[in-house]
Amino acid sequence: MAPSTSHSSKGFLKRFRDLMQGMDACEDVELRESLRLTDAKVRIPAPTLPLQIMLGGEEGCRLHLYPELRFDPDGRLRHQGDYLLFDPVSYFFDISGFLRLHPGDSLTLGRKDPLQRLQLHYPKVVDQQHLRLKLSAKGLALRNKSRTDGACVAPLTSEDVVERMARWRRQKLARLLEVLGGPLEPPSRSAALDLIEQTIAIMAREPYRVPNAHGRPSGLLALPNRPRPVFVGDLHARLDNLLVVLTQNGFLEALLDGSGLLILLGDAVQPDTPGQEDQMDTSMLMMDLIFRLKLRFPGRVFYLRGNHDSFSEDINKGGVPQGLVWERALRDGRGVQYQEAMQRFYDHLPYLAMSSGYLACHAGPPTGKVSREALVDIQKHPRLAYQLTHARLRRPHSPSGYGPGELARLRKRLGVKADTPVIVGHTPRSDRETCWMNVGGIAHHHVLFGANPDWVGVIAHVEKRLAPLIYPTEPLLQVYNQFARGGRLSENQAAVNVGIGARPDAS
């Protein structure tokens, strides 16, 4: 005789199921068509096909989840375990936000998370907490948390859609080749000298540079607010990292159509990798790339001066006097005229970029007096120039640094709003990250570092607001040069196989 089911026993069973779900108990399913999600957790094998996720019904938010592909040294695109979640309407066509899901991560989609609201631009039908995702070695677990229109997930099986991410990444390299016109390799001495001299000539009449009455290079860029800025922090000779930026998102396309600006925060040269501090060949190639970009986009690519943009004997890293080593490397490798031209290039650099929507410099605001007039005629104010390239955030062990008061004073002196973002480089907050927002608990104060060996971050305008966008580094100098010299990029995507259930290739 079967036992009767009372209300209390039903309650017990429900609590037991909830407990088991909280302990990662899932119903494993093979996703072959659209699946409407309930409050019961389901798990699918780690997808190799892209998925479509709908939040809030037909009038809600449509997102795509793709395996994130990375170039290997042979030019093959491989999936190494991460996934990207984004709005497909904007991601492939514009500077767009996204979320990344790492193996072992869990992520609750919804409007409660301010970064998600910024990156994905949720409509109001998306709940505060709408859908929970968890990626593990067992697969991708999903659980609907919405009490309104719910969520559903479906595989995207069209060959065109499946291939879209890989095709898009290859197209980025082709577009960069169109811009640069050839491989990135050391030029002859005469060609290198011609390249830097052309760049200096542009700097003498650089667009948006605020002029002064003395005919000297101004330290201030007054940029228009409409072109969207893309900020890149200290690169320290990591050429691959800059190439990643140029081949991700819609950054290069924004330069081409005039809707974006690239603002480099200085210190592109002089490696910070332990044991390589005295190796300057990649620094020369980095500057060649920046010069080529400046010549191609004279009013859209800007470089702010950093403390390593110098031959000063005071620049020392790892016991290596990098300023002096850099000067000697240029003289030995490209001649005295080239080294002297590099000094003139440094003398022509601006120190601060401003618009009504942001302020940016290499290091931070000065702790002493500052005025717009002093910035414009900065060569008469060496202390101001020094602080803009050397200042660090005030800390218990560094009480002489800058803080909220100095940031507020800089905004006031330049006539921008009190909540205008200030973006700086110079002082990474850890050796594992690349981008920090609201540093030191100071709202609208952000730090970028572009020389991380594993990740490179930018701060860019997404949906009219500045947002951090972070990408894995790739051996792109090798891949780009292979392509630029006539090699074909591999169509074999290794792990991107049609079908659900195959495990991502971690090689």
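The side chains of Lys380 and Asp377 meet in a salt bridge, with 4.0 Å from N to O; the term stands for a side-chain nitrogen of Lys or Arg within 4 Å of a carboxyl oxygen of Asp or Glu. Lys380 is partly exposed at a relative accessible area of 49%, whereas Asp377 counts as buried at 7%. Here buried means under 20% relative accessible area, exposed over 50%, and partly exposed in between (1.4 Å probe, protein chains only). The model is a predicted one, in which local features need pLDDT of at least 70 and side-chain atom pairs count only at pLDDT 80 or more, while totals for chains, interfaces and linings use all residues. Residues are numbered from 1 along each chain as its sequence is written, and side-chain values use heavy atoms, with hydrogens and water left out.

The structure holds 19 salt bridges. One of them joins Arg169 to Glu474, whose closest N and O atoms are 3.0 Å apart. This pair links distant parts of the chain, 305 residues apart: Arg169 belongs to helix H5 (residues 164-180), and Glu474 sits in the loop between strand S22 (465-472) and helix H15 (476-484). Helices (H or I, at least four residues) and strands (E, at least two) are DSSP runs, numbered from the N terminus. Both Arg169 and Glu474 are buried. Glu206 and Arg209 form another salt bridge, with 2.6 Å between the closest N and O atoms. Glu206 is buried at a relative accessible area of 5%, and Arg209 is buried too, at 12%. Salt bridges also link Asp72, Asp74, Arg76 and Arg78 in a network.

Turning to the overall fold, the protein has 15 helices and 22 strands. Six of the strands form an open sheet of mixed pairing, in the order S12-S16-S17-S18-S20-S19. Strands S12 (220-222) and S19 (435-436) stand at the edges with a single partner strand each, so one side of each is left without a neighbour in the sheet. Two strands count as paired if DSSP finds at least two bridges between them. Within this sheet, S17 (residues 358-361) and S18 (residues 422-424) run parallel and are joined by two bridges. Leu359 has Val422 as its bridge partner in S18.

Now for the interior. Of the 507 residues in the protein, 55% are buried. In soluble globular proteins, nonpolar side chains tend to be buried together. A nonpolar core is taken as a set of buried Ala, Val, Leu, Ile, Met, Phe, Trp, Tyr and Cys residues joined through side-chain atoms within 4.5 Å. The largest such core has 78 residues, of which Trp326, Met342 and Phe345 touch the most other members. Helix H9 (residues 281-296) supplies the largest share of this core, eight residues. Contact means heavy atoms within 4.5 Å. A second, separate core of 31 residues includes Leu220, Val376, Leu414 and Ala451.

Helix H7 (residues 239-246) is largely enclosed by the rest of the structure, because seven of its eight residues are buried. The buried residues of H7 are Leu239, Asn241, Leu242, Leu243, Val244, Val245 and Leu246. Across the protein, 69% of the contacts with a separation of 6 or more are between residues 24 or more positions apart. The protein exposes about 22,300 Å², with carbon and sulfur atoms supplying 49% of it; accessible areas come from the Shrake-Rupley method with a 1.4 Å probe, and for residues only the protein chains shown count as cover.
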